[in-house]
Amino acid sequence: MSKKVIFTPKAPAPIGPYSQAILKNDTLYASGQIAINPSTGDLVLESIPIETHQVMQNIQAVLEAADMNFDDIIKCSIFLSDMNNFGQVNEVYGSYFTKDFPARETVEVSCLPKNVNVEISFIASK
């Protein structure tokens, strides 16, 4: 099977030369999501929990576009601008999963796109 580009208007449009996600066979490789409201294009940065919920809602939209859900995620990468926000991000992130949590790493980076605080990418498989 060749690769299939996954796109949904329910998640932010790419802001560079990349796709929201690529489906290859039964595996979905998703680009990092940040807290952009796809309806308005505005950043959602009122608080770390609100920002993280927007990121997770964007992830959910990409999953749904590929006919998947959070149970299908096998690996996440979380990028934080400040590791002191880990607890708040982790609490929100964890609320989107019910069991068999995906593998994951969380790293602090010096800067994220549009100076957001959180970016999450993932790999999912049916």
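User: Where is Thr27 found, and what makes Thr27 count as buried?

Analyst: Thr27 is found in strand β3, residues 27-33; strands here are DSSP runs of E with at least two residues, helices are runs of H or I with at least four, and both are numbered from the N terminus. Buried means under 20% relative accessible area, exposed over 50%, and partly exposed in between, using a 1.4 Å probe and protein chains only. Thr27 has 18%, so Thr27 is buried. One thing to keep in mind is that this is a predicted model, where local features need pLDDT of at least 70, side-chain atom pairs count only at pLDDT 80 or more, and totals for chains, interfaces and linings use all residues. Residues are numbered from 1 along each chain as its sequence is written, and side-chain values use heavy atoms, with hydrogens and water left out.

User: Which residues is Thr27 in contact with, leaving aside neighbours within four places in sequence?

Analyst: Those are Ile22, Ile123, Ala124 and Ser125, where contact means heavy atoms within 4.5 Å.

User: Good. Why is Asn25 called partly exposed, and why is Asn115 called exposed?

Analyst: Asn25, in the loop between β2 (21-24) and β3, has 43% relative accessibility, so Asn25 counts as partly exposed. Asn115, in the loop between β5 and β6 (118-125), has a relative accessible area of 59%, so Asn115 is exposed. Most residues other than glycine have a negative phi. Asn25, however, has a positive phi of about 55°, and Asn115 has one of about 60°.

User: What makes the pair of Tyr93 and Phe97 tilted?

Analyst: Rings of Phe, Tyr and Trp (its six-membered ring) pair if their centres lie within 6.5 Å; planes under 30 degrees apart count as stacked, over 60 as edge-to-face and the rest as tilted. The rings of Tyr93 and Phe97 have centres 4.9 Å apart and planes at 45°, so the pair is tilted. Both residues are buried. Ring pairs also link Phe70, Tyr93, Tyr96 and Phe97 into a cluster.

User: How do you know whether helices α1 and α2 are parallel, perpendicular or oblique?

Analyst: The axes of α1 (residues 48-65) and α2 (residues 86-94) come within 9 Å and cross at roughly 40°. Angles under 35 degrees count as roughly parallel, over 145 as roughly antiparallel, 65 to 115 as roughly perpendicular and the rest as oblique. The two helices are therefore oblique to each other. Axes are lines fitted to C-alpha atoms, for helices over the stretch in contact, with angles running from 0 to 180 degrees between N-to-C directions.
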